[in-house]
Amino acid sequence: MSATVDRQGTIYAVSSGAGRSAIAVLRLSGPAAVAIVKGVAGALPSPRAARLMRLRHPRTGETLDRGLVLFFPAPASFTGEDCAEFHVHGGRAVMEGLVAAIAVHPDARPAEAGEFARRALANGKLDLAQIEGLGDLISAETAQQRRQALRQSEGALGARAARWRAALIEAGARLEARLDFADEAEVADAGEDALAPLIAPLVADLEAELASAKAGERIREGLSIVIAGPPNAGKSTLLNALARRDAAIVSPEAGTTRDCVEVALDLGGYAVTLTDTAGLREADGAVERIGVARARERARRADLVLWLSAADATQAPEAGLSDAPVWRIGAKADLGATVESVDLTLSAATGEGLDALLARLESFAAAAGGSGCEGVVTRERHRLAILDAAWALRPLVDARLPDEIAAEHLRMALFALERLVGRVDVEDILDEIFSRFCIGK
Ligand SMILES: Nc1nc2c(ncn2[C@@H]2O[C@H](COP(=O)(O)OP(=O)(O)OP(=O)(O)O)[C@@H](O)[C@H]2O)c(=O)[nH]1
Ligand SMILES: [Mg+2]
């Protein structure tokens, strides 16, 4: 989406996704919504009440379908503009007919990705963090992602930012009063620093938010768990068992897996990407060498490494494999060997030990995601903005700065918070966020 795009007009989009379905929803927003609904349905339904209506092409008069029509007058709508929805049968020809009927109006044009949300932002219906939350809700795949996204879309971060902002504005007012009365210098200079007590709890709040920030990001992005170990340890067999499908090739040959194989898992509501990797050894060929390098790279960046070696030939994890926790797992326990120095034994062949591993993985994911209910930071953008604000305010708590400099620090913090909720400096962020939205949101 480029800055030159015409942002005016009345936009429409099929909001219910592509493909055949029982019901499909077409959404409309903009000044011509009323005229378009009247043109297609013959009349305007009462605000916010569904009405079954015959839908016709305004030029030919041909009936296209009978469907529910809803009208949401401005400003009490999602975008803040006049909005309408058509709930029709989800066949392709029905939708094509309806779209053609709407496109008859000269002011109507297809919406771009995220354009409804963009208008909601422009009209002050939602803040930027809420819009991000909506985007996350649409892509949420696990219960924890859903909970977090819902909280975000309901304005959890915005509410917190508003509280922080109020404290900053209060501090700014005190500072200004002091600057105004600078002539009565003794009063200001002799007085204790009125700012620090106001700013200190705010900084503590921001820093607490930062401390739990990673948890929110992990819930949203998913945890990375990597299976690594020597060749033939049973890594791919374990991946398949946990994924409950044949995602990776298994064979008695050492060096079967060359590339990384990823599967998405839902562990107790937490999203996890489980990666199977090439067995670590002095590789023979060029291809295997690349595979081994990739395996080490994945292990290095993982949130957790499962170091697998066959129970009858256990091997210690490579030194410096990862900064993340490395669990030593003795695989192929059915082969009967006794094992020391592993955290867990299992047999993917018989299923023994798999439930125990899953239970431990679930607690690990839950701990990494925090309680998932307090933090409001769900992405790097939030974390960096809060970090900027905390960084600007910290000096005000640590020392008494000259008033002009203190005022500048307050301004910087305020700016960081405004950026957080999308009040300033948003164009570039917007393009990036909205381009990932579905059409029709
Ligand atoms: N008995 C027994 N055999 C197993 C078990 N898990 C895997 N195997 C066998 O061990 C061999 C190697 O299994 P893979 O899963 O391909 O091992 P890998 O670690 O992925 O091997 P590479 O990809 O070569 O690094 C295969 O013949 C599997 O059938 C197990 O729990 N018990
Ligand atoms: Mg393998």
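Serine 153 lies in helix H5, which covers residues 143-153. The model described in this report is predicted. Serine 153 has a relative accessibility of 11%, and because buried means under 20%, this residue counts as buried. A polar atom of its side chain lies 2.9 Å from the backbone oxygen of leucine 150.

## Domains of the chain

The domain assignment divides the chain into domain 1 (10-126), domain 2 (131-212 + 376-422) and domain 3 (222-368). Taken over C-alpha atoms, the centres of domain 1 and domain 2 are separated by 40 Å.

## The surroundings of ligand 1

Ligand 1 is surrounded by 22 residues, of which the closest are Ser236, Thr237, Gly255, Thr256 and Asp334. Sorted by class, this shell contains eight nonpolar, ten polar and four charged residues.

Several contacts involve oxygen atoms of ligand 1. A backbone N or O atom of glycine 234 lies 2.9 Å from one such oxygen atom, and a backbone N or O atom of alanine 348 lies 3.1 Å from an oxygen atom of the ligand. In serine 347, an N or O atom of the side chain is 3.3 Å from an oxygen atom of ligand 1. Taken alone, ligand 1 exposes 650 Å², and the protein buries 86% of that area.

## The magnesium ion

The magnesium ion, ligand 2, is coordinated at 2.0 Å by Ser236 through OG and by Thr257 through OG1. Serine 236 belongs to helix H10 (residues 235-243), whereas threonine 257 lies in the loop between H10 and strand E8 (261-267); the pair therefore ties together parts that are 21 residues apart in sequence. Both serine 236 and threonine 257 are buried.

## Backbone features in loops

Most residues other than glycine have a negative phi, and most peptide bonds are trans.

Alanine 74 and proline 75 are joined by a cis peptide bond, with omega at about 0 degrees. Proline 75 is located in the loop between strand E4 (63-72) and strand E5 (83-90).

Arginine 48 has a positive phi, near 60 degrees, and is found in the loop between helix H1 (33-41) and strand E3 (51-56). Asparagine 232 also has a positive phi, near 70 degrees. This asparagine lies in the loop between strand E7 (223-228) and H10. With a relative accessible area of 33%, asparagine 232 is partly exposed.

Technical notes. Residues numbered from 1 in each chain as written. Chains lettered and ligands numbered in written order. Predicted model: local features only at pLDDT ≥ 70, side-chain atom pairs only at ≥ 80, totals over all residues. Heavy atoms only, no water. Near = heavy atom within 4 Å. Polar contact = N/O pair within 3.5 Å; in protein donor to acceptor, adjacent residues only side chain to side chain. Areas by Shrake-Rupley, 256 points an atom, 1.4 Å probe, with all protein chains shown as cover. Nonpolar A, V, L, I, M, F, W, Y, C, P; charged D, E, K, R; others polar. Donors = N, O, S within 2.8 Å, 3.2 Å for Na, K, Ca; no water. Helix = DSSP H or I, 4+ residues; strand = E, 2+ residues; numbered from the N terminus. Buried < 20%, exposed > 50% of the residue type's maximum accessible area, 1.4 Å probe, protein only. Domains from an automatic or database assignment.
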